[in-house]
Amino acid sequence: MRDSYGVHAAELHRIPAGTNTINYRVVAENGRRWFAKLYRGDFERERAAIELTEFARDGKVPVPAVRRTLDGDVICQRVPMSLWEFVDGETAEGGITGARWQAVGTVLGRLHRRLAEHPAATPTRQPAVGVRDVSKAPRSFDRVIDGYASRAQLNPFEQWAWEAAKERRGLLERAGSILAELPDLTVQIVHGDLASPNLMLRDDEVAAVIDFQPPSPRFIAWEIARIGCDPRTVMLGDDWIDGLADLLLAYRDEHPAAHVDDLVSSVATGCAYTLASTYPLAEPLDDPGAVTPSLELYARARHETALVLLERLPDVQERLRGRLRPRP
């Protein structure tokens, strides 16, 4: 790190987070803290993600600053890593409550307003069925269901995942109908993985948005749902409905060009997408090493959230549309 970045590290602490990276908190000799990410995957993909992060930062979105190497690169070539300013705060994994709803909405609106300017893709309106190809979902669920059925014995989580997969398999037709009934929605460059672990909060403010994916066009309604209907928040109780409305109002204030249909349809897209997804129900079959107590809790919360969104969908959409009526 000294030779690549000119940073003299005095302490190195492993951070137990990250899937494609190994993360560390670095304390330099001068006391300054840094966040180091060691990569295990496609470096060019990681480079593109960093460049998108910098693009967002240039639009005044709160994202950490990446420190370039002494050669001016965003990724060190000697050791595959990047170095970032360290951000104090906590992730949104405890759920979004209170004044945080408005703060998240403001930052998300600013993020999408900025990313709509990204040269990789011009925003377009597309049929909402593109949110998730539900026609392929039955085959995916059948594979999971048959995989568990073929096992001589299942542990408690596998037994639950098997039953949940069968329940969701029976709801796929409704998931397809939900998307088919929506109007055309906006597709543009988005963050790509804006779930609660990638949103840093400090008190009632957003401290940072982290872990961007490479620039790829997706439905903004889907990305709003990723954070606004995150299972960790929905499972706290019904306050998420009014909270989401507060988020969307703040979003629109920051991004006035946003279409109301995109905002109101966020719950429907999140519901249909989750219903048609086998993650993480399939993890005991596909990646047993990834199954941790934390993942098991998330799997149960995600499944219950999909069912809650489905049950409350008509009421929530009506309430959101009422709160988001155009100003006179």
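The largest cavity has a volume of about 40 Å³. The model is predicted, and a search of the whole structure finds 1 cavity of 30 Å³ or more. Aromatic pairs number 2 in this structure.

**Cavity**

- Val104, Val107, Leu108, Leu194, Leu199, Val209 and Ile227 line the largest cavity.
- Helix α3, which spans residues 100-115, gives the most to this lining, with 3 residues.
- The lining comprises 7 nonpolar residues, with no polar and no charged ones.

**Aromatic pairs**

- The structure holds 2 aromatic pairs. In one of them, Phe157 and Trp160 are stacked, at 5.7 Å centre to centre and with 25° between the planes.
- Phe157 and Trp160 are separated by about one helical turn, because they are 3 residues apart in helix α5 (residues 156-169).
- Phe157 has 4% relative accessibility and therefore counts as buried; Trp160, at 17%, also counts as buried.
- The rings of Trp222 and Tyr273 have centres 5.8 Å apart and planes at 55°, so this pair is tilted.
- The pair links distant parts of the chain, with Trp222 in helix α7 (residues 220-228) and Tyr273 in helix α11, 51 residues apart.
- Trp222 and Tyr273 are both buried.

**Charged side chains over rings**

**Ser265**

- Ser265 is located in the loop between α10 (260-264) and α11 (266-275).
- With a relative accessibility of 2%, Ser265 falls under the 20% limit and therefore counts as buried.

**Thr53**

- Thr53 belongs to helix α2, residues 43-58.
- Thr53 counts as buried because its relative accessibility is 5%.
- A distance of 24 Å separates the C-alpha atoms of Thr53 and Leu263, which are 210 residues apart along the chain.

Methods
Residues numbered from 1 in each chain as written. Predicted model: local features only at pLDDT ≥ 70, side-chain atom pairs only at ≥ 80, totals over all residues. Heavy atoms only, no water. 1 Å grid on protein atoms, 1.4 Å probe; cavity = no way out; pocket = protein on both sides within 12 Å on 5 of 7 lines; lining within 4 Å. Points joined across faces, edges and corners; volume = space filled by probe spheres on them. Helix = DSSP H or I, 4+ residues; strand = E, 2+ residues; numbered from the N terminus. Nonpolar A, V, L, I, M, F, W, Y, C, P; charged D, E, K, R; others polar. Buried < 20%, exposed > 50% of the residue type's maximum accessible area, 1.4 Å probe, protein only. Phe/Tyr/Trp six-rings, centres within 6.5 Å; stacked < 30°, edge-to-face > 60°.
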